[in-house]
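Here is a short tour of one protein model, with a look at its pocket and at some of its charged pairs. Have the coordinates open as you read.

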Amino acid sequence: MKNELDDVLKILVSEEELDGITTRIAAQIDEDYGASEYRVLLVAILKGSVVFLGDLMRKIKTPIEIDFMKVSSYGGGTKSTGNVNIHLDLQRADIADCEIILVEDIVDSGRTLSHLVEYLKLKGARSVRTCTLLDKPSRRDVDFKANYVGREIPDEFVIGYGLDFDEKYRALPFVGVLKPEAYEK
Ligand code: PRP
């Protein structure tokens with residue numbers, strides 16, 4: 001039987017550390033939104049963020065709602081917000097009542113989240129903040145800083161806990177670094 005663990009060079013963020021990260025960020029969100037009079041809406045960006053969302057949402061005590069968007073970004077644009085295609089948009093009539101927290105697995109160039117923050121504000125959201133499990137600040141193309149960050153990481157090829165290579169490895173319970181031979185073959 002194939003075993004995805006064979007393709008892992010090393011564990012970068014362990015299950016224990018991931019548990020600590022989701023506990024910390026959930027507490028921060030409770031502190032910031034616990035008194036909100038509006039709908040607190042976690043919007044996860046498919047697909048990589050689903051595992052993080054699942055763990056995070058179960059630790060947040062504030063009543064929250066969830067929704068999903070699917071987007072793809074491409075480089076080369078001159079606009080600071082980058083170029084982002086929206087494949088699945090929010091279908092809500094009550095966006096003006098929503099305090100949105102965008103949930104991502106990783107921020108790389110920063111194009112996806114910087115664009116979505118502007119997009120959702122233009123659509124009339126009450127407020128928009130961003131939350132990412134992983135942050136690669138060395139890869140930024142646009143000036144962007146997430147409000148909640150699990151951990152900064154170096155520019156390595158990471159997989160697991162939702163993150164993929166060629167749609168594989170998403171179900172691994174930790175964030176690991178992929179062996180070069182796994183993506184060069
Ligand atoms: C990844 C990640 C973010 C985006 C970050 O998604 O989940 O959405 O890229 O990159 P940026 O900061 O350079 O915009 P990906 O396109 O790999 O899709 P997936 O989550 O479905 O795997």
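## The largest pocket

How much space lies in the largest pocket? The answer is about 760 Å³. This is a predicted model, in which local features need pLDDT of at least 70 and side-chain atom pairs count only at pLDDT 80 or more, while totals for chains, interfaces and linings use all residues. Residues are numbered from 1 along each chain as its sequence is written, and side-chain values use heavy atoms, with hydrogens and water left out.

A pocket here is an open set of points on a 1 Å grid over the protein atoms alone, where a 1.4 Å probe fits and protein lies on both sides within 12 Å along at least five of seven lines; lining residues have an atom within 4 Å of a point. The volume is the space filled by probe spheres set on the points, which are joined across faces, edges and corners.

## What lines it

The lining of the largest pocket is made up of 28 residues, and Asp105, Ile106, Asp108, Leu163 and Asp164 are the ones nearest its centre. At least two lining residues come from each of β2 (39–46), β3 (65–74), β5 (98–107) and α3 (111–122); these are DSSP runs numbered from the N terminus, with helices (H or I) of at least four residues and strands (E) of at least two.

By type, the lining has 13 charged residues (Asp, Glu, Lys and Arg), nine nonpolar ones (Ala, Val, Leu, Ile, Met, Phe, Trp, Tyr, Cys and Pro) and six polar ones (the others, Gly among them).

## Salt bridges

You will find 19 salt bridges in the structure, each a side-chain nitrogen of Lys or Arg within 4 Å of a carboxyl oxygen of Asp or Glu. One of them pairs Arg151 with Glu17, with 3.0 Å between the closest N and O atoms. Since Arg151 is in strand β7 (residues 148–152) and Glu17 in helix α1 (residues 15–33), the pair ties together parts that are 134 residues apart in sequence.

Arg39 meets Glu65 in a salt bridge (2.9 Å, N to O). Glu65 lies in strand β3 and Arg39 in strand β2, so this pair links parts 26 residues apart in sequence. Arg39 also meets Asp94 in a salt bridge (3.2 Å, N to O). Asp94 sits in the loop between β4 (83–88) and β5, so here the parts tied together are 55 residues apart in sequence. Through shared partners, salt bridges join Arg39, Glu65, Asp67, Arg92 and Asp94 into one network.
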